[in-house]
Amino acid sequence: MNKQLRVPRELTYVLGMLCLPFAVSLMTKANLGLSMIAAPTYIISEKITFLTYGQTEYIAQGLVLLVMCLVVGKFKWTYLTSYVTAVIYGTILDGFLFLMRGLELNALWMRVIAFLIGMVVTSLGVALFMNTYLAPAAWDYFVRTVVEEKHLDLRKFKLCYDFFFLIVSVALTLLLFQKFIGITWGTLVIAAVNGNLIAFFDRQMKKHFDFYDLFPKLAAKF
C-alpha cells in the first residue's frame, strides 16, 4: 500500500483559492462559455463597467449569503467566513485578469485549450475546497448549508440550483445585451462533465493524501 502524503487542510484552502480564480480568468479569456454559477456576475460586470468582475462576485455572493440566512432562518458568525472567502476570491480573480490582459488567444484551437485547462482546474479547485473545513465561496456554501439545515437531497437540490442560475444567466444576457455573453456551448460542456471531474479529483486526493488540521481548535468551530 502506498504511503499517503500528509497535507494540512488549510493548505488545500489556499490552493483552492488560487485554482478557482485562475481557472475562471482563463475561461473568461477563452470566451467559450463560463459555468452557470460564474456567468451571471460576468454578464453584469460587462454591463456595469465601473465594477470589476471580482467586485461583482463578492457583491453578489453577499446577497446569496443573505438569502441563505433567510432560508435557513438563522445566522452564525461562521457564515461571514464565506464572505471573506468571496472577497479574497474576487480580489485574486481581478488580479489574474489583470495579469492576463495581454494574453492573445486569436486562434480557435488556443481558445479551446485555454477553456479545457480552465474547466479541469475549476474542478480541481472545487475538490480542494471539499477537503478543507474553511468556508468555500457563497455559491457552494449556500448549497451545503441549505442541504444540511433542511435535510434535502443534495443531488436534486444542486440540479435545481444550477438550473436556476442557467435561467438567470440566459435572462441577464438577453436583457442586457440582446445576445449571448458568457453563455455558449462551453457552458453545457461544463455542466455535463464538471461533476464527474470533481468526483475524480476528490477520489484521487483521498487516495494519495492524508488531510489533517493545523489548527484543530479553529476547525472545531466550523
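This report describes the fold, the nonpolar cores, the aromatic groups and a few individual residues of the structure above.

The model is a predicted one, in which local features need pLDDT of at least 70 and side-chain atom pairs count only at pLDDT 80 or more, while totals for chains, interfaces and linings use all residues. Residues are numbered from 1 along each chain as its sequence is written, and side-chain values use heavy atoms, with hydrogens and water left out.

## Overall fold

The protein contains nine helices and two strands, where helices (H or I, at least four residues) and strands (E, at least two) are DSSP runs numbered from the N terminus. Along the sequence these elements follow the pattern β-α-α-α-α-α-α-α-α-β-α. The C-alpha atoms occupy a box of roughly 50 × 45 × 30 Å along the principal axes.

Of the 222 residues, 46% are buried, and burial is judged on relative accessible area with a 1.4 Å probe and protein chains only (buried under 20%, exposed over 50%, partly exposed in between). The accessible surface, from the Shrake-Rupley method with a 1.4 Å probe and, for residues, with only the protein chains shown counting as cover, comes to about 12,100 Å², and carbon and sulfur atoms hold 70% of that area. Among contacts (heavy atoms within 4.5 Å) with a separation of 6 or more, 82% join residues 24 or more positions apart.

## Nonpolar cores

A nonpolar core is a set of buried Ala, Val, Leu, Ile, Met, Phe, Trp, Tyr and Cys residues joined through side-chain atoms within 4.5 Å. The largest such core has 41 residues, and the members that touch the most others are Met27, Leu34, Tyr53, Tyr89, Leu93, Phe115 and Met205. Two or more residues each are given to this core by helix 1 (9-30), helix 2 (39-47), helix 4 (79-99), helix 5 (108-129) and helix 8 (185-208), and the largest share, nine residues, comes from helix 1. Met27, with neighbours within four places in sequence left aside, is in contact with Leu32, Gly33, Leu34, Phe115, Gly118, Met119, Thr122 and Ile190. Apart from this core lies another one of 22 residues, including Met36, Ala60, Tyr79 and Val146.

## Aromatic groups and charges over rings

Rings of Phe, Tyr and Trp (its six-membered ring) pair if their centres lie within 6.5 Å, and by this rule there are 16 aromatic pairs. Ring pairs join Trp139, Phe142, Phe157, Tyr161, Phe164 and Phe165 into a cluster. Val64 itself is in helix 3 (residues 53-72) and is buried, at a relative accessible area of 13%.

A charge sits over a ring if NZ of Lys or CZ of Arg is within 6 Å of the ring centre and within 35 degrees of the ring normal. Arg6 lies in this way over the face of Tyr212, at 4.0 Å from the ring centre, and Lys47 lies over the face of Phe177, at 5.5 Å from the ring centre.

## Separations along the chain and in space

The table lists C-alpha to C-alpha distances for three residue pairs.

| Residue pair | Separation in sequence | C-alpha distance |
|---|---|---|
| Glu104 and Glu149 | 45 residues | 46 Å |
| Val64 and Tyr83 | 19 residues | 9.7 Å |
| Leu11 and Asp213 | 202 residues | 9.5 Å |

Glu104 is placed in the loop between helix 4 and helix 5 and is exposed, with a relative accessible area of 52%. Leu11, by contrast, is found in helix 1 and counts as partly exposed at 39% relative accessibility.

## Residues with positive phi

Most residues other than glycine have a negative phi. His151, which is not a glycine, has a positive phi of about 55°; the residue is found in the loop between helix 6 (138-150) and helix 7 (154-177) and counts as exposed at 71% relative accessibility. Gln178 likewise has a positive phi, near 60°, and is placed in the loop between helix 7 and helix 8, where its relative accessible area of 59% makes it exposed.

How values were computed. Phe/Tyr/Trp six-rings, centres within 6.5 Å; stacked < 30°, edge-to-face > 60°.
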